[in-house]
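Me: I would like a close look at one part of this model. Please keep it brisk.

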2 protein chains.
Amino acid sequence: MELRQLRSLTTLVEQNFNVSRTAEKLNLVQPAISQHLKQLENELGVPLFQRHGKRLIGLSQSGKEVLHYARKILSAAASLTAIGTEHQQQNHGVLRIGATHTQARYVLPAAIHRFRQIYPDVEIQLHQGTPEQLVNMAIKDHVDLAICTEALDKSAELSFKTIYHWNRCLIAPQQHPILQHKQITLKQLCEHPLITYIFGFTGRGNLNQTFKQASLQPQIALSAADTDVIKTYVREGLGIGIIAGLAFNESEDHDLQQRDLSHLFPWETTKIAYLNDKYLRTFQRRFIELFQQETQWISTKNSEQK
Amino acid sequence: MELRQLRSLTTLVEQNFNVSRTAEKLNLVQPAISQHLKQLENELGVPLFQRHGKRLIGLSQSGKEVLHYARKILSAAASLTAIGTEHQQQNHGVLRIGATHTQARYVLPAAIHRFRQIYPDVEIQLHQGTPEQLVNMAIKDHVDLAICTEALDKSAELSFKTIYHWNRCLIAPQQHPILQHKQITLKQLCEHPLITYIFGFTGRGNLNQTFKQASLQPQIALSAADTDVIKTYVREGLGIGIIAGLAFNESEDHDLQQRDLSHLFPWETTKIAYLNDKYLRTFQRRFIELFQQETQWISTKNSEQK
DNA sequence: AGAATTTACGCGGTCCGTAACCATG
DNA sequence: CATGGTTACGGACCGCGTAAATTCT
């Protein structure tokens, strides 16, 4: 059994069982990959693939099991090389962060700013995507750290660290009638067209849940993937917005009014995820610490009633 | 990076940094191993060893980290080949069990008997040792499953399944004065010389703890690693014995009397341990199930007051 | 002096690339 | 017929074994 055979297997799966593209990706030629796969199958003595003639179209049952361990092996191998570069170039390398728009725009800047001061030679890559995509990026090791609230606990292949807790606030144009109330209720929210996150994003699941449990039917006028889009439509008068409290920015959003909603909805926990047993370089661990420090204000903001 | 390099590293450590013996163990010649290690060091760019001239005497700090991941890789690689043999020889193979004497003598027989009926072609190896040795066997993958009560939770590299709960009983020769009492107390136990397990074995830790908390000083006349030795000396009149309740056998031990002591000491939990993420073949998983079934009587025996 | 490790060198195996040959849709 | 995969073959590389040189106890 050779590492390159396993590498061929895993990239083959990532390339949807297209052997030619797998070869390209690995800087090899087609026959080499075919040979790897054949050797692996022979040595293990198990058919790994579902075939249609010569074409590979999927994994067999044992193929899936094999893939699981192959991923483990390659991930650990990557950790080994990481230990190497860690020693050769202490404060030098790449930090690949996966985050949603809201994280990248409202939460990460402070931590990244401090991080850059400490590690000016680390290249920071900010990969954006839906929470589901982020989980996949982390599992496939396309990012080192994935930050988000939803969907992260689904995978047993990831480890987590808790970063901060947050809740929602309401935003509305100046002098909107709903702003007359000090303490807003769920029922009042249902009297106006709402603008909030689409499902799968930023706590939308628990938001739906809360209305459902109260047997209330909110009018969702529009749902969007990120806070800036929501704000835009709130400004245009399409409705009132429900966004993450941390995404309201006093100085930028002086044309909007906000009201805390943490008495209505459950608190959400934002975590940082990375592949199980992944070797984290010093600056990666350091980033997690910084991120926790720089987001403490979120957990404490408006959270007296927590 | 090549698997054989990692294999050389891990066996080198197991062979106390003796390169020649490592070579023998791997059916290679010395220079081959030296080359593996040098290549690994060069590729990672990290010194892996502490050296005294040409001799290797230990791992460097990063060497330890590297070893950790190397073990992971090789363990996963072993799982891969196990998937292979599982498919080629379904009910055929080796089941390596690590157990203490007491387990092997009093608990395992029933499960092993049933197992043999179902899988006559599986070779069963019973490796005995102290709990600490068993943990090491499991971690180094010298046994597939390790059974014992103590020391198992120490290692984060092992996974556990709970099998049964047990407590102690007193054994004494016929007509020993202590047998007059129906419900024996700690204080009464201290009035006689005791014979029980040595430290590290079969719940000896919690036994000591219990006397200490009661500020009592038992007279331990003799302590032994296994139950049969204890019984022997009890028969000779050296003192009264405290053994695991499951190790009293009505038919064999008719010359001894027993009294339940589960009201005095904490219940112990016996678990089965295996290397994290180890691929368990069908018959291995099946053995765990059988073992749980065949030991249910222990958890319920005398446990009405539990 | 003997045990253990490194260096030097050559053979054999094998990995991959080229090229020609099949299969699928 | 075009895209994708297998078979066939040769060159380059490299891993391992033998043997001599070196270093540690």
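Predicted model: local features only at pLDDT ≥ 70, side-chain atom pairs only at ≥ 80, totals over all residues.

How many salt bridges are there between chain A and chain B?

Reply: Residues are numbered from 1 along each chain as its sequence is written, chains are lettered from A and ligands numbered from 1 in the order in which they are written, and side-chain values use heavy atoms, with hydrogens and water left out.

The count between chain A and chain B is 3 salt bridges. A salt bridge here is a side-chain nitrogen of Lys or Arg within 4 Å of a carboxyl oxygen of Asp or Glu. Over all chains, the whole structure holds 33. A:E2 and B:R4 form a salt bridge, with the closest N and O atoms 4.0 Å apart. This pair crosses between chains: A:E2 lies in the segment before α1 of chain A, and B:R4 lies in helix α1 (residues 3-14) of chain B. Helices (H or I, at least four residues) are DSSP runs, numbered from the N terminus.

Now the wider interface. Chain A gives 27 residues to the contact and chain B gives 26. Contact means heavy atoms within 4.5 Å. The buried area is about 2500 Å², and carbon and sulfur atoms give 72% of it. In chain A, A:M1, A:Y69 and A:L80 lose the most area to chain B, together 26% of what that side buries. Buried area is the accessible area (1.4 Å probe) that two parts lose on being put together, summed over both.

Next, α1 within chain A. Helix α1 (residues 3-14) packs on helix α3 (residues 30-44) at about 110 degrees, with axes 9 Å apart. Axes are lines fitted to C-alpha atoms, for helices over the stretch in contact, and angles run from 0 to 180 degrees between N-to-C directions. α1(A) and α3(A) are therefore roughly perpendicular to each other. Angles under 35 degrees count as roughly parallel, over 145 as roughly antiparallel, 65 to 115 as roughly perpendicular and the rest as oblique. From α1(A), A:R4, A:Q5, A:L6, A:S8, A:L9 and A:L12 meet A:I33, A:H36, A:L37, A:Q39, A:L40 and A:E43 in α3(A). These residues divide into 6 nonpolar, 4 polar and 2 charged. Ala, Val, Leu, Ile, Met, Phe, Trp, Tyr, Cys and Pro count as nonpolar, Asp, Glu, Lys and Arg as charged, and the others, Gly among them, as polar.

Methods
Helix = DSSP H or I, 4+ residues; strand = E, 2+ residues; numbered from the N terminus.
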